[in-house]
Amino acid sequence: MTEHPDESNTPNEPESLLPIDEHVEESHDSDGRKVRHRGVYLLPNLFTTANLFAGFFSIISAINGNLHVAAATVFVAMVLDSLDGRVARLTNTQSAFGAEYDSLSDMVAFGLAPALLAYEWALSELGNVGLTVAFIYAACAALRLARFNTQIGKVDKRWFIGLASPAAAGVVAGWVWAVWALDEQGVAGGDLPLVLVMLFALMVAAAGLLMVSNIKYYSFKDLDLKGRVPFVAILVVVLIFAVVFSDPPRILLLIFLAYAVSGPVQHLMKFRRRKHVEG
C-alpha cells in the first residue's frame, strides 16, 4: 500500500525566511479574472513612508519646542502625500495596501501632528478646554479619513466631501507658523491675549468639524498633468512659486484659509440660489 503525504500539512506557498507574513492582495484583471499578487509596490510606498516620517518628525519637533519646524514639516508632508498618489496613478501601481497605508500616514501627519502642534503652541493655555479642542481635531481627522476610504469609487472624484485633512492641517500649521514668525525669537501662544488664544481654539475646532461636514470642496483631481499646456502656464507656475517663497508662512496660510472658506461660501451661494428659485 502506497502512503501519500498528508496534503493538509503541505503548504501551498513557500514559507518566508523572515518571521513576517508576505502580503498577498487580490484584484481583477482586464478580463474580470481574479488575480493574486504577492508583495507591495515600492515606489509609491516610499513617498508614503516619507510622509509618515514627516508627520512623526513634526510631532517630535513640537514636543521639543521647535514649533516653527513642526509647522513647516507639516507642509513638507503635504507635498509627499500629493506625490505618492500621483506616482501610483502615473505608474499604474495603485493597490488596496497603498490606500490603507496612505490613510494611516495621513492620520499621523495631518491628524495627530497638527493637533499636538496646536496644543503645544497655544491650546495648553486653556487647560482641559484646549485639550478637548485638540482631541476634537484629531478625532475628526480620523473620522474624515475613514469616511473617505468608504467613499472611494462611489463619489465624484472632482469633489471632496468635507475639508480634506491636508488642507485642515494647512490651516492649523499655517496659523502657528505665521504668528510664530512675527518675531525672530518666535511668538508663542502664551504671549498672545486670551481672546486670541480662544479665537485660535475656535479655528482649530472649526477646521476639524469642516472635515466631517457634507460641504463639497474642489479636489483638483481632474487636472491633466500629463498633457501639453500653453507656454504661459509655466510662467504662471514660476510666479506662484516666487510669491509663495517670498513669505511662506503667511502666503501658505492665506491659500489654505481661502480654500477652507471656499466650501462654506459655495454651499451658502447654492443654498441662496435654491431658495431664490423656490421663492
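**Stop 1: an aspartate in a helix**

Start by selecting Asp102, which sits in helix α3. Before you click around, remember that what you're looking at is a predicted model. Is Asp102 buried or exposed? Asp102 counts as buried, because its relative accessibility is 18% and the cut-off for buried is under 20%. Now show what surrounds it: leaving out neighbours within four places in sequence, Asp102 is in contact with Thr48, Asp81 and Asp84.

**Stop 2: the whole chain**

Zoom out and colour by secondary structure. Walking from the N terminus, the order goes β-β-α-α-α-α-β-α-α-β-α-α. The protein has 279 residues, and 36% of them count as buried.

The accessible surface comes to about 17,600 Å², and carbon and sulfur atoms account for 65% of that. And how does the chain meet itself? Take contacts between residues at least 6 apart in sequence: 77% of them join residues at least 24 apart.

**Stop 3: the nonpolar core**

Hide the surface and select Trp121, Leu123, Tyr137, Leu163, Phe200 and Val204. The largest nonpolar core has 57 residues, and these six touch the most other members. Helices that each supply at least two residues of this core include α2 (67–90), α3 (96–121), α4 (128–151) and α6 (194–211). Which helix gives the largest share? That's α5, with 10 residues; look for α5 at residues 165–180.

Stay with Val204 for a moment. Setting aside residues up to four places away in sequence, Val204 touches Ala118, Leu123, Val133, Tyr137 and Val172.

**Stop 4: a loop residue**

Jump to Ala164, in the loop between β3 (159–161) and α5. Ala164 is buried, with a relative accessible area of 10%. Now select Val212 too and draw a distance between the C-alpha atoms: Ala164 and Val212 are 48 residues apart in sequence, and 9.2 Å apart in space.

**Stop 5**

Ile60 counts as partly exposed because its relative accessibility is 33%, between the 20% and 50% cut-offs.

**Stop 5: stretches marked in a record**

Time to colour some ranges. An unreviewed UniProt entry places the feature "transmembrane region" at residues 40–60, 129–147, 159–180, 192–215, 227–245 and 251–269. Then try 251–269, which is 100% helix and 0% strand, with its end C-alpha atoms 26 Å apart.

**Last stop: a charged pair**

How many salt bridges does a search of the whole structure find? The search turns up one. To see it, select Asp247 and Arg250, where the closest N and O atoms are 3.1 Å apart. Side chains of opposite charge can pair when their charged atoms come close.

Definitions and conventions:
Residues are numbered from 1 along each chain as its sequence is written. This is a predicted model: local features need pLDDT of at least 70, side-chain atom pairs count only at pLDDT 80 or more; totals for chains, interfaces and linings use all residues. Side-chain values use heavy atoms; hydrogens and water are left out. Helices (H or I, at least four residues) and strands (E, at least two) are DSSP runs, numbered from the N terminus. Buried means under 20% relative accessible area, exposed over 50%, partly exposed in between (1.4 Å probe, protein chains only). Contact means heavy atoms within 4.5 Å. Accessible areas come from the Shrake-Rupley method with a 1.4 Å probe; for residues, only the protein chains shown count as cover. A nonpolar core is a set of buried Ala, Val, Leu, Ile, Met, Phe, Trp, Tyr and Cys residues joined through side-chain atoms within 4.5 Å. UniProt positions are given in the numbering used here, feature names are shortened, and annotations may be inferred rather than shown by experiment. A salt bridge is a side-chain nitrogen of Lys or Arg within 4 Å of a carboxyl oxygen of Asp or Glu.
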